[in-house]
Amino acid sequence: KYKFSFLKTKKTAGTSIEIALSEFCTPEDIVAPISIPDEQKRQELGFCGAANYAAPWDEYNEADWVSYRKKGKLKRRFSSHMKAAQLQKYLDSDIWNEYFKFCFVRNPFDQAISRYYFNNKSEPRPPVQLYLDTCPVGHLSNWDIFTINDHIVVDFIGRYEQLDAHLELVRQHLQLPKQLTLPRTKTTSRLNREPYAMFLDARARDRIERVCAKELQALGYTWEQPNEPSLPWWGKEL
């Protein structure tokens, strides 16, 4: 009804945004599955649950059939954190071109600390620098989620640092009938709330700057910048 495609980036309150947007969806829309506790929260709120995400039967391989027979698990065509190139592949071209595509981003240095605590919930935790040296690139960078061939393909990129204000811009553009209410999800992992410059050493900084070089440049985040960028990114005149 509201003609939008939300690309869910990692460690940017994506699940909370996803649940909030579900209020304005119907069972006719594509709604990706989320974790069981978060799906229960979505149901308790009375919002639309996962729908139309499964792959057709002719896309199943042997492993998919085994998983379905043993666990009743459907193969997913649409899933959380799917990349823009995957989404474009499976959507009708009219929908891809006409719908309002948007996502949210976060300062990669702060995002890396959030990822560290999310993946290391209990003691003893490895040194953060060692973790950052060995974790996959996809755990630190969201670049491939909202770009194709290194070109940004969404119409709007909001900032995690200005989450409420930029969600309101989305609401106004889509003409949603009420404000988006974000439920609390995955908020118990991170213990350290110090500024990232006090938590990350030069080695960690270098790793993040190399892995996230493209988004740092495109989105204006820097290590030295005392104030985070507050303006959203608009891909075209609307």
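Trainee: Which helix is included in what covers the buried residues of α2?

Mentor: First, this is a predicted model, where local features need pLDDT of at least 70, side-chain atom pairs count only at pLDDT 80 or more, and totals for chains, interfaces and linings use all residues. Residues are numbered from 1 along each chain as its sequence is written, and side-chain values use heavy atoms, leaving out hydrogens and water. Helices (H or I, at least four residues) and strands (E, at least two) are DSSP runs numbered from the N terminus, and contact means heavy atoms within 4.5 Å. With that in hand, the cover over the buried residues of α2 includes residues 14-22, which are helix α1.

Trainee: Which residues of α2 are buried?

Mentor: Buried means under 20% relative accessible area, exposed over 50%, and partly exposed in between, using a 1.4 Å probe and protein chains only. In helix α2, which spans residues 36-44, the buried ones are D38, E39 and R42.

Trainee: Within what arc do the buried residues of α2 fall?

Mentor: The arc is that of the directions from the helix axis to the C-beta atoms. The face turned away from the buried side carries the exposed residues I36, P37, Q43 and E44. Seen down the axis, D38, E39 and R42 line one face of the helix, because they fall within an arc of 100°.

Trainee: Why do the buried residues of α11 line one face, and what is their arc?

Mentor: An α-helix has 3.6 residues a turn, so residues three or four places apart point the same way. Helix α11 (residues 202-211) has A204, R207, I208 and V211 buried. Seen down its axis, these residues line one face because they fall within an arc of 95°.

Trainee: Which helices do the buried residues of α11 pack against?

Mentor: The other side of α11 has A202 and R210 exposed. The buried residues, in turn, pack against residues 108-119, 128-134 and 213-219, which are α6, α7 and α12.

Trainee: Within what distance does a side-chain oxygen of D201 reach the backbone nitrogen of R203?

Mentor: A polar contact is a pair of N or O atoms within 3.5 Å; within protein, one must be able to donate a hydrogen and the other to accept it, and residues adjacent in sequence count only if both atoms are side-chain atoms. D201 makes its reach at the start of α11, to within 3.2 Å.

Trainee: Where is P124, and what is the omega of the peptide bond from E123?

Mentor: Most residues other than glycine have a negative phi, and most peptide bonds are trans. P124 sits in the loop between α6 and α7. The bond from E123 to P124 is cis, with omega near -5°.

Trainee: What is the phi of H81?

Mentor: H81 lies in the loop between α3 and α4 (84-90). At 30% relative accessibility, this residue counts as partly exposed. H81 is not a glycine, yet its phi is positive, about 65°.

Trainee: What about K3: what is its phi?

Mentor: K3 is found in the segment before β1 (4-6). At 48% relative accessibility, K3 counts as partly exposed. Its phi is positive, in a residue other than glycine, and is near 55°.

Trainee: How far apart in space are E28 and Y117?

Mentor: E28 is in the loop between α1 and α2 and is exposed, with a relative accessible area of 74%. E28 and Y117 are 89 residues apart in sequence, while in space, C-alpha to C-alpha, the distance is 37 Å.
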